[in-house]
Amino acid sequence: MNRKHYVATAATFVALGLVLTGCTAAEPAPAEDTATTVTQLDAAAITVYTSEPQEKIDAIVAAYNEEQPNVTVEVFRAGTGDLTARIEAERTSGDVQADVLLAADSATFEAYASDDLLLAYTPADVESLNQDVVDPEGFYTGTRIIPTVIAYNTTAIDTPPTSWHDLTDSEYAGKITMPNPDVSGAAAYNAAVWMNTDDLGEAWLEDLAANKPVIADSNGPVSQAVAAGTQPVGIVVDYLVRELKAAGSPIDVAYPTEGVPYVSQPVGIFASTDAQEASESFVDFLVSEAGQTLAVEQSYLPVRSDVGTPDGAPSMDDITILSPDLDLIADTKTAAVARFNELFQ
Amino acid sequence: MSPSPTARVAGPVVTDRARAPRSPRGSTRRAGRPDGVDAVRIALWLVVAAVVLLPLGAIVWLAASDNHLPLLLGGDIAEAGLNSLVSSVSSAIGAVVVGTALALLLDRTDLRGRRVLRLFALTPLLVPPFVGAIAWIGIAGPTGSANALWTQWFGAPLWNIYGADGVIFLLTVHSYPVAYIIVSAALRRIPSDLEQAARISGASAIRAVLTITVPLLRPAILSAFTLVAVGNLADFGIPSIIGLPERYVTLSTLIYRYIQSGTVESPLEVIATIGVVLLVVAAAAMVIDMLVSRSRWELDASASSGQILPLGVARLPLTLVAWAGVLAITLLPLSALLTQSLLPAPGVPLAWENLTLDNIVRATTAPATVTGAVNSVVLSVLAGIICAVIGLAIGTLVTRTAARSNTALRTVAMLPQAIPGLVIAVGWLIIAPRIGLFNTPWLILCAYVMAFVAIVVQSVSAPLRSTPMTAEEAARISGASRLRALFDISWRMALPAAISGGTLVVLTAVRELTISVLLLAPGAQTLGVSIFSLQQAGAYNAASALSLIITLVGLAGLGLAARRAR
Amino acid sequence: MSSVTLSDVGLTYPDGTVGLSGIDLAIADGEFVALVGPSGSGKTTLLRAIAGFLRPTSGSIHLGDSLVADASTLVAPEKRELGMVFQQHAVWPHWSVERNIAYPLRLAGVPKVERRARVDEVMALVGLEGFEKRNPTTLSGGQRQRVALARAIVGRPRVLLLDEALSALDEPLRDKLRLELQTLTRSIGLTVVHVTHDRDEALALADRVVVLDAGRIQQVGTPPELVSSPVSPSVATFLSDATIFTGRLLADVFSAAGHECRVDAALLEGGGSDGDGSIAVLPEDVTLTPGAGAVVMSSLYGRGGNDVVVDWKGIAVRCRVSGRRPLVGESVDVRIARAMFYPSRLPAAADAHDRAAAGRLQG
């Protein structure tokens, strides 16, 4: 753990970060085919803070190490809130101790970027990616498409709902469960997207509230409740549903026709890193063909179109993705959550 | 020869043998000069300053760096504070009522199968509260098994666990074992003749228990109440899983809202402010506890322990009621855990052909789980030992010696109980780089000690409060210094309580989640974090399997400990 | 050679309550001294000051010729080489009987072999042979007190302090232990300070008895001295249940104020000149004759005479009468054979106490 500078002042690193930001932004990323010309780096160690499940991040690190055997990747895994708390605490007492952050949603990264905590880096092969998940300023890049969809228990529900509007039908009264936007950043984001989608908006939320959904803690308990039949219909991220289904749960997923809000689990590099090259190669790997193939194997929808989609998921072309203006979402999120809380009280 | 010229009353010397004058053995000491006990007191203050005051100071400093109270007051802090207060106080009342009733029934009557029942009664201690909460939703959630059955039979659900009543119920379930352990330790010290005196005076057995034994248990009941109430203030898992669906927000879930939703500018300062609010509430609780427990009485130091009370005709019905009650609150969630462990995924119907051991294999063979188990066991046993030693020292010092700083010492040791693990962890994270413990297991150990030392302090004070001070005075007269008397007499007498308190710490720490999750070094694991990770990864059934295994291993350990103690 | 010397010892609590005041007392080596007095008189306070648990606010205490307490010195209890037995015995429940008794020797660093021998010796002395390995919780009250006693004397203390040591025991056992205690302390020549509220026990055991009241020594003397010549009405009342009459001595006759009691000066001890004062009449100095002056209120049988209380025109008079036991309700006349006269130049405190004592008797 001695690679960290406990004593260096934050100011130095912020300044350094600015310089580096300037450099990378000025020079476009070298256009080379990463799949064939990966150069092996010298020994280095990076620390990744992530909310990825332990088994998945372990697999990612293992695959990355096949390409870069000399880079040691230390993983600190925790929920988004715990990660935020740890990063904030580290900022209070000095520097963020991580090199790479792979978690949460773009809003978190926007906030860190505006605090000058992030290094701008455009990953190799950026042209192949879904441009919606690439930060134009280069502070972060989405690594998966994690849409919020409708999940239903196949034992309890005969004709599944296919649209958000279906959920307002009184036949689902008392049967719906969804995550709490106060607790889940993704749920807060969803609330803002729904409010800003013309077809849905506040009127739809009001109708949904009339069906009295159970507001569960986060996505995990929602998918569990739907699989167990406790609440047979849920509003939840799609990969959890696919995994449960694969494990044998009577659960399936419907991608609502109006479109699905999604988060992209971005990755970014902290400006205080002292292993910039290794961190960049890790970011490159995550969005590379190999990295995205692994993501698909791990049940995620990918951010590039050349790796297919997970078993049981429709092809990317068949899914309507809601990609609203992020600034608008950022501006209206607090109000949307407040309105949500009023309605679902 | 008289050494004092002013002695005017000198009686006849009636000696039948001459005694050689003896030279004084003891050196005279100036009054008030510090002795061994003062040194211990100073050492304890230093320990407490390092392990409690330093991180608390970091939290207070964070909270003070900007005034976030207006923001909080504009938010839900008043409502959340009230909810916290109501839920922790009422669950603590429930816990001491259940704990005391169980202590009386299991330790003082001829209830059938009480030894086995005692083990069952302790199981909620071993189940992580967030796992227990999920298990209970499967039973008493809106479409949980109990409610589904009830709806089938009577057309309406029995009881919806979500909301305030469910939070209070589950907090009670998970904290009554602590109350039971403390009260039961005190019960063993109440001499049976006091009860017998009441019987002779014409009181029925029940009445003797209620009017004599229970009032004599008051110091222990109060200790348990304070510990449980303050501890439940900090609980996060239960209110978050059971309370939030009904919008029942407590201070500890409010903390997560602010840290997780990213809706506030400086979340750390805001949650530190909530932490300080909780500290104030806890300090108030301590003051009340101190005022109420000021009156104390002394019991015979070596009185014989209580007699088993024959229940007579009530034996069978009481046995049935006790077994049914305990099994309902312990075996139901355990069986829910067991079913989940044996099924591949939630929602898979319970049938022979569906049963699988995959989850158990996955839970026990994952490398992360194994290292997590080793870490947890090592850290929690170390924490248990350190807490037992520090708690024993603090508990005896503040109850057996007179010093103005006793109240402060006890309060400081108790305060961290009231703050959620997240806030404790943040406090340690802030000071960690400066003390060179960042990303080491010792940081977690320090935080465990801070969070759990109160358990031992309370376990130790309860029995000591009713022991006469002459026990130490007899040692002083025998030639023991204050320190030696404290060590030979007070500590030795409180040792059993300290050991049971230390065991409680081990059981609590081994499944701890929030502190560990934030303070772990990258790549490290603990058991609580392993369960939580499995849960987050959607491997609910593997998480259940791991919880079940921890519970069963813990039960076996408790059973062995109980056999050894007998 | 004095074993314990108290010089002008005073003790005032922080709240202003006076615990002890002007205590001067020298206890000789090998002497058995009993401290008696009503509750709150300061006897336990005095004992605890000797033990070292309380610090005198004035005066000094010497043990042998070493100063253990004065304005600038306070020797800790453990350095005073004392033994002490508490009312609630304070036998440590977590150790065996033997371990309890051996504790002072362990602290003194006595080698194991000698320790064994001495523990065996005192256990035989207090009659606890065979109880070495017993758990104290399995012992009876008397046995526990023996353990406490053995523990107190095993270290050969300079002084043995007994704080109501026998009070928690039942009567036959207390009586038995009382005898044993005397034999024991005399045979090994212990200096003993014994606090008790039991006057008979104090008179029976002690070489000298110290009567305390309101934190002051009222009288020190051998048991016969105290019984026959109490220095004040309060001592007479406390030790011997004397009846007090206040009045005036004039022309060789004492006349009680507002009462028909008259006593010839010839019968008064302490003599004195004419003037206001009070007399104390011991129970054994009262005789009852058939008559109508007083009514018998209670009449208890006793081996040494019946213990009778009569109501003599509003004053309860305690008498010890031999022979026929009067019946309750019987009318009698009271005759006083002897009384002690105390002119009322006594300290105000004692005077006040006299009135209180008289009031108690009347009530």
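A residue counts as buried here if 20 or more other C-beta atoms lie within 10 Å of its own, as exposed if 12 or fewer do, and as partly exposed in between, with C-beta atoms placed from the backbone. Keep that in mind for helix 18 of chain B, where 13 of the 15 residues are buried, leaving the helix mostly covered. Helices are DSSP runs of H or I with at least four residues, strands are runs of E with at least two, and both are numbered from the N terminus.

Some housekeeping before going on. This is a predicted model, so to speak of a local feature takes pLDDT of at least 70, side-chain atom pairs count only at pLDDT 80 or more, and totals for chains, interfaces and linings use all residues. Residues are numbered from 1 along each chain as its sequence is written, while chains are lettered from A and ligands numbered from 1 in the order in which they are written.

Back to helix 18 of chain B, residues 421-435. After the helix comes B:Gly436, with a positive phi near 70°. B:Asn439 is partly exposed, with 19 other C-beta atoms within 10 Å.

Next, the packing. A nonpolar core is a set of buried Ala, Val, Leu, Ile, Met, Phe, Trp, Tyr and Cys residues joined through C-beta atoms within 7 Å. The largest one has 405 residues, and B:Ala447 and B:Val449 have the most contacts inside it. Helix 19 of chain B (residues 441-465) is its top contributor, giving 18 residues. Domain 1 (4-225) and domain 2 (231-362) of chain C both give residues to this core, so it lies between them. Two residues are in contact if their C-beta atoms, placed from the backbone, lie within 7 Å. Leaving aside neighbours within four places in sequence, B:Ala447 touches B:Ile424, B:Ala425, B:Trp428, B:Ile515 and B:Leu519.

What about those two domains of chain C? Their bounds come from an automatic or database domain assignment. The C-alpha centres of domain 1 and domain 2 of chain C are 36 Å apart, and seven residues of domain 1 are in contact with eight of domain 2. Strand 9 (208-213) and strand 10 (216-221) of chain C each supply at least two residues of the domain 1 side. Elsewhere in chain C, C:Lys313 sits in the loop between strand 17 (306-312) and strand 18 (315-321). C:Lys313 has a positive phi of about 50° without being a glycine, and is partly exposed, with 14 other C-beta atoms within 10 Å.

Finally, chain A has eleven helices and 13 strands, and 57% of its 345 residues count as buried. Chain A meets chain B through 58 of its own residues, which are in contact with 45 residues of chain B. Helix 3 of chain A (residues 80-93) gives the largest share of the chain A side, eleven residues.
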